[in-house]
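Could you take me through this structure one selection at a time? I have the viewer open and would like to know what to click on next.

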Amino acid sequence: MIILHAAFFGDKFHLWGESPASGPEPSGRRKNRVSAESDTPLSPYDSGRSAIVSRLAEAGVDISAGGKKQTTLSILLPSTDSGPLASSPLIAPAPDAAQEAALKEWKVNSISLKPVDAIDLLSRCAGKEMLAPGLAVGKDLRYWVAAMQFGAGLVVRQQFLPDLVQNETKLKVGFRAVWEPVLSGADYDRVLKFSSAMPHLCRASLFEADSDHPLDAARLLKDFIAFIVDYLVRSAHSTQPLIASPPIPANSGSIHDRWLKALVSDDGMLTGSREECERFAHQIVEWRRPVFITSSAPFRLCFRLEEPNGAESQSGDLSNSTDDAIASNGRDWTLRYLLQDVNDPSLLIPAESAWKSRGPRASLFKKRGFNAPEYLLSALGAASNLCPPIEESLRMPAPDGCDLDLSRAHRFLTEEAWLLEQAGFTLLLPAWWTRKGTKGRLSARASVKSPKLHGAAQLSLTEIIRFDWQVSLGGETLSLAELKMLAKLKTPLVKFRGQWVQLNADEIEAALSFWKGRSEGKASIRDLVRMSLGAGDAKGGIPVESVSADGWIGDLLAGIQGRASYEEKAPPKDLKAVLRPYQLRGYSWLKFLRTWGLGACLADDMGLGKTVQVLALIQRDREEGANRPVLVICPTSVVSNWEKEAARFTPRLSVMVHHGIGRRKGDTFSKEAQRHAIVISSYALLHRDIEALNAVEWEGVVLDEAQNIKNAETKQSKAARSLNSGYRLALTGTPVENNVGDLWSLMEFLNAGFLGSQGEFKRTFFLPIQTASDPSAANRLRKLTEPFILRRLKTDKTIISDLPDKMEMKVFCNLTKEQASLYAAVVEETARALEKSEGIQRKGLVLATLSKLKQVCNHPAQFLGDNSSIPNRSGKLARLTEMLEEVLENDDRALVFSQFSEMGEIIRKHLEENFGREVLFLHGAVAKKNRDRMVERFQDEKHGPPIFILSLKAGGTGLNLTRANHVFHFDRWWNPAVENQATDRAFRIGQVKNVQVHKYLCAGTLEEKIDEMIERKRGIASSVVGTGEQWLTELSTDELKELFALSKNAVAD
Amino acid sequence: MPRRQRYNPRRYHDDDDEDGYYSYSHFPPKSVPRKVSGGIRAQSQRGTFGKSWWAQRWIKVLESFNIGSRLSRGRSYARNGQVLSVELNRGMVTAGVQGSRRDPYKVTIEVATLSRADGEKLGKELSAQPIFAAKLLASEMPQDVETAFTACGLSLFPESLGDLKTKCSCPDWSNPCKHVAAVYYLIGEEFDRDPFLIFRLRGLDRDRLIKIISESAGAQGESEFDHEELFASDETRSEPITTDAARFWDGGDIPAGSSEMELPPVVAPLLKRLGSFPFWRSERRLVETLEPFYDRASRQALRVIAGDWRRK
């Protein structure tokens, strides 16, 4: 485990890492590792450079190409007598609360990255807590990621200027030509807020600072942003030189020539005498002054647009009388000038008092070193170029605002306000104004008459239908008279029934044409559905407000928009389960969308029974005469689970598993597939066998754990989109709607084209939402996707009132090939020995074999006890990791029980490497004090560790762990009483949520068979089975052989 | 490429030499200037100098001297970068010009500055309309600023030959000579860019003008401002490094992005607002040369934000 950290100083980005100390005692190690040249000891948690480089290389980040430089950092770390503290319990346990920490200096080995590598690394870390298993992104590094994005934003908006800065080194004073960010207005505010969020670790590097004079957060952040901006601009040149010919040697030509050259050179150094450079640097300051004075003052000019007073009776108000409205352009709007305190944006001082040099305001300004008149003059001078009425107002002494007539006010809102904002001024605009215009707009309503339907078979979304347009304004239907009157008005802003609305000539023209009988439109039902969800414009760029329809199209639209509840379907006859009410609704919803050929994503919480809802749908279709197979694609780890669930709930559906080495290919596959109702395969094969899969016309395609296609570029995602299918369905337990970036790929699979092309999606939704620049974008996206995503939370009692407090589920897992061959070897060995043994010896042999086989089912590394590598060797562990990932994403908490403490340790290590979060592990060797502390942290700590592994013996009784709502039994104790007792750690007094119990079984192994035996014996009193696993030893040799034998379906690889 | 102008009877129509051929008596001593690299090159490469009305007003004074072809030679000098340096201060311009001799000639142009009393009168007049100061501070010449001057019986520009004192270390008997003319034209061109220079030359620098205006606006001139301090005031006090685990390792909540993330409608708005650099000395125009960087850098940065940035 490495946690990556980074320091920034001297225009360099230095990467270092923290790993658990490998020695027995941190303090003991430290003494041996005092570096020769100084007394500062090396941190016991230092990862070392080579470990960082190789781990990064495994994660696909190559930082060696740029010629990495090795450095050693001195940093201040909170420390106790026994050494430095670690950033995370993953590195070392948190210290005793009683121990007082103090800052001490430590050395760490670091790598100084070239800018290109630094930006590459930072952009890969964006939005991630783990860069790869075992490689966590430290909070400080995440902070740098955010700062880099901020810097990149400045570059996008071109808020930077060329500059010349003094570059002092020990040897000499030099000058560097650089690209400097210009922080004005809101950007400046953000930098201040940003800097106060900086982890102190970022400032704890002792290159320039000492403990008494630490680096200033704001200064450091600005330096870093400047570094990013400079590099991004400079490197834009290196990809394709812009200053190429005629070539100028860097050291000749005028200083201006040399400066231009240096602005794009790698190091930016400017040659020339010190005196010449200093004079030039001073000239640059003067040159930049008009921008600088408005961008770095402690107060900022702010414009507030005020509506005419008493507007009710005013002109421009198109209320009831049309005549009133025509007498437009009555009273003026006011644009007020104010000074806004940069540190406290809520403080607004009218310009009126800022012009005066006496009074309370004047002394405030003076205290802040602010020359209000000069600033106002400069700022208004700059603003006057962008907005002519401001220029006019400067004809009178001490202006505090200007008046705008209606059309000027409109122009101000639509154009000038934007320009002023970009120039760094603050704008306070009326609440009814948005970036895209007034909230109320001229909009179109489509009304559709459904054509006659001849049977359900005809339904098709591609069918073209006709409809009529109507016009409304600000949500109110417009009459022709009103529309004509608006056209005559020729004002861009109108107060219509109490609210200001924006009008433009083109829109009015288009609206009038709707009235003049040219209002008919044509579109496919699919487009109509999109329109009704707020995507797509009518003629003349008028947004579509609503689509109303009668008949079956009306039903369709109402159902999609959730206005009307879709018809609740009766459960299929041959479903061997009683659907709970919410499951019945989910199944009906699937059926509704499927009927229309619309894709659906069922995103219910884990444990709510997504599988059974889908099986019900497939069963129902079959009963209604569907005869093509349905393809289910899922992760390898759940193939068996699907098979078992289908066998349990829909035993009449024939299931074919397309998996493993012996799977059918080509024609044999398609023929065989046609003979089954369900074909189950995995994501790995989706791409590999796409040709065969594509040769079949599927009734439907179901993607389980659909987050597997969240990246649209992967071969799996492309293959999934290419399948021929009647309907498409995605299942996931993670909140897909939260991750905007992943949504496109999912929706493109479900309903191709609904969110536009990937590029369009990035422009209209991803970037605006990611940068929070357009609050309406998230709403529009939700409106478009909501109808196709159904997510119910088990905590939502209003929807799911009938969930039992405790739900037990079996999770069927597969063996890996390695596990299967180990399993077979153990069975073979036992079979020989069984023949020869009797009595006590036989009992011992049976119990030992049971234990060995359980270990093989758990993990080869546990069975072999060889401390070998963990990933990709166990079906159970893969499944556990997937399910816990879902648990974490939903902010739930889980207990994981195993009867083997060796396995507990393997699980702990694996989960920590994968999730980068601390995982608690309680086993027999944990002292009482620590044990209590673990329980306390799990139960009471606000952001405490969400996963708790317990060995069945140490943690199976006595503890109260009600904060968990998931219990995983990783291996089985063949005695229900023991298992139940463990389960009850979570399910006892104090539990407010329902508890899900997941019992892991390897399909086709003794685990499944013993489970079946227990199920059969359920009715018999538990005393018969006893308290141990002894009862198994009573079985006959033949029974035992059958019990141990490995079924064919155990492996999925 | 800049042209080197030589005497050629067949080219007497050329505007650079319009009176060279005929006005024989004014013909200056014939000389070929030494070639210079790194001199100040005029932006104007043909025709007249000075686009703005105020620059033209300035140049008109020079051209009212009857110095014949020295004007056109001066323009050529300015265009070919023979002027090595220009320094503009209160009431005085000093410059170095490379002629035919080895050492550059030293040129000075003196302009009468406004007296303190005149300054105060003017301040009253200017503060009645803040537009004057506001425009000047934004590097623009207010349209009718001259009305403020005439109202006080003053003039912004040197009106006649008597208002200027020019000197040059060259052997030409004429004053102004072509070297003075070259410098004069370049100054005119700079006035286009930053009209404040005229005020500075007349003895009204930025700080004095602000002071005059705010005093006249009823203020008492009690506040003396340190501009450097103004720029430095954004520094916050550095907070000592803490041992508190949350603050040390995790930091606070990072504010969400709130700014527009689109390319600006005009490329390089800040650069264009500032315009070119005073007495720019390069073959490459500043704004035109750097403009493409802005566009390209924008697109590159957009890829960084969208997560599409891959190093080449």
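This is a predicted model: local features need pLDDT of at least 70, side-chain atom pairs count only at pLDDT 80 or more; totals for chains, interfaces and linings use all residues.

**Stop 1: the domains of chain A.** Colour chain A by its domain assignment, which gives domain 1 (2–239), domain 2 (255–294), domain 3 (297–315 + 330–430), domain 4 (437–449 + 467–561), domain 5 (581–790) and domain 6 (807–1050). Now look at where domain 1 of chain A meets domain 3 of chain A: four residues of domain 1 are in contact with six residues of domain 3. On the domain 1 side, that contact has one nonpolar, two polar and one charged residues.

**Stop 2: a helix pair.** Select residues 115–125 and 139–156 of chain A, which are helices α3 and α4. They pack at an angle of about 105°, and their axes are 9 Å apart. That makes α3(A) roughly perpendicular to α4(A). To see the contact itself, show side chains for A:Ile119, A:Leu122 and A:Cys125 in α3(A), which meet A:Leu141, A:Arg142, A:Trp144, A:Val145 and A:Met148 in α4(A). By class, the contact has seven nonpolar residues, no polar ones and one charged.

**Stop 3: the cores.** Next, pick out A:Leu232, B:Val183 and B:Leu186, the residues with the most contacts inside the largest nonpolar core, which has 306 residues. Helix α6 of chain A (residues 217–239) gives the most to this core, with 13 residues. Centre the view on A:Leu232: leaving aside neighbours within four places in sequence, A:Leu232 is in contact with A:Ala152, A:Val155, B:Ala297, B:Gln300, B:Ala301 and B:Val304. Another core, of 69 residues, lies apart from this one; select A:Ala820, A:Leu961, A:Ala964 and A:Ala1003, which are among its members.

**Stop 4: an enclosed helix.** Which helix comes next, and why is it largely enclosed by the rest of the structure? Select residues 639–649 of chain A, helix α21: nine of its 11 residues are buried, so the helix is largely enclosed. The buried ones include A:Trp642, A:Glu643, A:Lys644, A:Glu645 and A:Phe649.

**Stop 5: where the chains meet.** Finally, show chains A and B together. How many residues of chain A are in contact with chain B? There are 94, and they touch 82 residues of chain B. The chain A side divides into 51 nonpolar, 26 polar and 17 charged residues.

Note on methods:
Residues are numbered from 1 along each chain as its sequence is written. Chains are lettered from A and ligands numbered from 1 in the order in which they are written. Axes are lines fitted to C-alpha atoms, for helices over the stretch in contact, and angles run from 0 to 180 degrees between N-to-C directions. Helices (H or I, at least four residues) and strands (E, at least two) are DSSP runs, numbered from the N terminus. Angles under 35 degrees count as roughly parallel, over 145 as roughly antiparallel, 65 to 115 as roughly perpendicular and the rest as oblique. Two residues are in contact if their C-beta atoms, placed from the backbone, lie within 7 Å. Ala, Val, Leu, Ile, Met, Phe, Trp, Tyr, Cys and Pro count as nonpolar, Asp, Glu, Lys and Arg as charged, and the others, Gly among them, as polar. A nonpolar core is a set of buried Ala, Val, Leu, Ile, Met, Phe, Trp, Tyr and Cys residues joined through C-beta atoms within 7 Å. A residue is buried if 20 or more other C-beta atoms lie within 10 Å of its own, exposed if 12 or fewer, and partly exposed in between; C-beta atoms are placed from the backbone. Domain bounds come from an automatic or database domain assignment.
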